[in-house]
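Student: I am new to this structure and would like to know how its descriptions are reached. Could we take them one at a time?

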Amino acid sequence: MLAAMLDSATGNAVMAKLPSHLTAVTTRLDTQFLKPAVLGAIIATARLIRQDERSAEVVAELIDGQGQKVATARAELRVRERKSRPEL
């Protein structure tokens, strides 16, 4: 679950900077679990490190309700054109 939250945070950080005709997919997610997460709210933050027309690199972290860092990640994402949906 924590890795999925980090993946989502890193993807959203890239998507927020892309025009609507582009998307990004994770190609690598290196995750470090630092301590057990307790029940309750967990806040994800992500920061774009590098981006060009084909790829992006992002770091992210998860903070629990007591302000403790429970996990971190570094992600590489591929930037590509969105596939168009067929007309219905």
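Student: How do you know that E1 and E4 are joined, and in which direction do they run?

Tutor: This is a predicted model, and in it 11 bridges join E1 to E4, which run antiparallel. Two strands count as paired if there are at least two bridges between them, so with 11 bridges E1 and E4 are called a pair. Among the residues involved, Val-25 has Arg-78 of E4 as its bridge partner, and Thr-26 has Leu-77 of E4.

Student: What makes E3 and E4 a pair?

Tutor: Nine bridges join E3 to E4, and these strands run antiparallel; the cut-off is at least two bridges, so E3 and E4 pair as well. Leu-77 in E4 is the bridge partner of Ala-56. The hairpin of E3 and E4 has four residues between the strands, and in this hairpin Gly-67 takes a positive phi near 80 degrees.

Student: In what order do the four strands form the open sheet?

Tutor: The order is E1-E4-E3-E2, with antiparallel pairing. E1 and E2 are called edge strands, each of them pairing on one side only. On average, neighbouring strands of this sheet are turned by 25 degrees against each other, direction ignored.

Student: How do you know that the span of helix H1 agrees with what it should be?

Tutor: Helix H1 covers residues 2–15, which is 14 residues, and at 1.5 Å a residue it should span 20 Å; because its end C-alpha atoms are 20 Å apart, the span agrees.

Student: Which residues of H1 are buried, and what covers them?

Tutor: The buried residues in H1 are Leu-2, Leu-6, Ala-9, Thr-10, Gly-11, Ala-13 and Val-14. What covers the buried residues of H1 includes strands E1, E2, E3 and E4.

Student: Why is Arg-82 called partly exposed?

Tutor: Arg-82 has a relative accessible area of 44%. Buried means under 20% and exposed means over 50%, so Arg-82, with its 44%, lies in between and is called partly exposed. Arg-82 is found in the segment after strand E4.

How values were computed
Residues numbered from 1 in each chain as written. Predicted model: local features only at pLDDT ≥ 70, side-chain atom pairs only at ≥ 80, totals over all residues. Heavy atoms only, no water. Buried < 20%, exposed > 50% of the residue type's maximum accessible area, 1.4 Å probe, protein only. Expected span 1.5 Å × (residues − 1). Contact = heavy atoms within 4.5 Å. Axes fitted to C-alpha atoms, helices over the stretch in contact; angles between N-to-C directions.
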